[in-house]
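Student: I am new to this entry. Could we go through it by question and answer?
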Number of protein chains: 2
Amino acid sequence: MAYKRSPLMEERMAGARERILVAARELVAAGGYRNAPVTAVAAQAGVSTGLIYRHFPSKAELFVEVLSAAVAHEVDILEGIAAGPEPAPQRLRLAITAFVRRALAGPGLAHAFIVEPVDPEVEAERMRGRRRFGGVFRRLVQDGIASGAFPAQDADVTAACIVGAFTEALVGPTAPSRQAHRDEHALADSISAFCLRAAGG
Amino acid sequence: MAYKRSPLMEERMAGARERILVAARELVAAGGYRNAPVTAVAAQAGVSTGLIYRHFPSKAELFVEVLSAAVAHEVDILEGIAAGPEPAPQRLRLAITAFVRRALAGPGLAHAFIVEPVDPEVEAERMRGRRRFGGVFRRLVQDGIASGAFPAQDADVTAACIVGAFTEALVGPTAPSRQAHRDEHALADSISAFCLRAAGG
């Protein structure tokens, strides 16, 4: 008779997997990937390191999943805004402001997800995420051009520039958020105002 | 009697140093830092690896100097444009277009200088360079605000967004320049048009 997991065991496995992902995310948020060796993730999740490797063949695969879940969540939020009833310029402003405010509210995660040096597999997942974000902004810009709210422009270039602009302003070497005493709401507003002017809205 | 280098020897040393820097730059342009081990730099420059280490204590220090020389050159060009007689919006457009066209003309160097994973010392120099570029754009934006050509805005945010925008559009994961058959002049024009609209000019 072939080995078959019982429904209860399946549930326990899924519960452990979820706890491991939550624990890894918490450690990354607190101190980046280097704050999250597998032993620390195991301790935080209350499982053995062996169990982690049963769910994730390598540390890189664990973090790829932490990152892809976070990206999927952010993309859902952006797509929810993009699908709204407002005119394209307003949706573009809302989407950028939402992204930037969420990043400023979780600077540890934002730094780890966007700039901390990582394994090539995690870096590849980061690039995929950036392209997904770019896709949402490209469609918003195309909407605005189609409705006449934005002037004719190369939507691919505009989307890439928007992603680059808020990324640098959030976590880049020239980021004003690195300065002390920055008002985060004013910063988010300045960044989205920049992008909105750039799209021509 | 203390050892003293003759003028001829000083000149030869300087000549070798210059040849090493040129050789390193050529190899990086052709295939990135990983294409430029010290042995290859020595062969290209026609010197021994020992001589390279007499001039540069480590490979990282050699590449820091290659990068800082390139940054200084680009900053000189940008500052030359920024000091011109044209109104601020025109100088901003000229500066961005010049930077972008130069990067598109040397994609190997642009990739190595901006995104290729590098030693921490080289990465630190890269961050310094990015702040220097940001400084030129910040002053141009401030000029434009002062002359009334640009609306009131946070010049730090605008400068960071400009640097982020053209960097991503040039070499980021969402970069349109990664697509085949892109017209480089049209791309440079689109990027500078984006930034100029964003500054409000």
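Tutor: UniProt positions follow the numbering used here, with shortened feature names, and annotations may be inferred rather than shown by experiment. The model is predicted: local features need pLDDT of at least 70, side-chain atom pairs 80 or more, and totals for chains, interfaces and linings use all residues. Residues are numbered from 1 along each chain, chains are lettered from A and ligands numbered from 1 as written, and side-chain values use heavy atoms without hydrogens or water.

Student: Which residues of chain A does UniProt list for "DNA-binding region"?
Tutor: The feature comes from an unreviewed UniProt entry. That entry places the "DNA-binding region" in chain A, at residues 37–56.

Student: How far apart are the end C-alpha atoms of residues 37–56 of chain A?
Tutor: This span is 75% helix and 0% strand (DSSP runs: H or I of at least four residues, E of at least two). Its end C-alpha atoms in chain A are separated by 13 Å.

Student: Are α1(A) and α6(A) roughly parallel or roughly perpendicular?
Tutor: In chain A, the axes of helix α1 (residues 7–31) and helix α6 (residues 107–114) come within 6 Å and cross at roughly 100 degrees. Angles of 65 to 115 degrees count as roughly perpendicular. The relation of α1(A) to α6(A) is therefore roughly perpendicular.

Student: Which residues of α6(A) make the contact with α1(A)?
Tutor: Contact means heavy atoms within 4.5 Å. On α1(A), the contact is made by Arg25(A), Val28(A) and Ala29(A). Facing them in this contact, α6(A) supplies Gly108(A), Leu109(A), Ala112(A) and Phe113(A).

Definitions and conventions:
Axes fitted to C-alpha atoms, helices over the stretch in contact; angles between N-to-C directions. Parallel < 35°, antiparallel > 145°, perpendicular 65-115°, else oblique.
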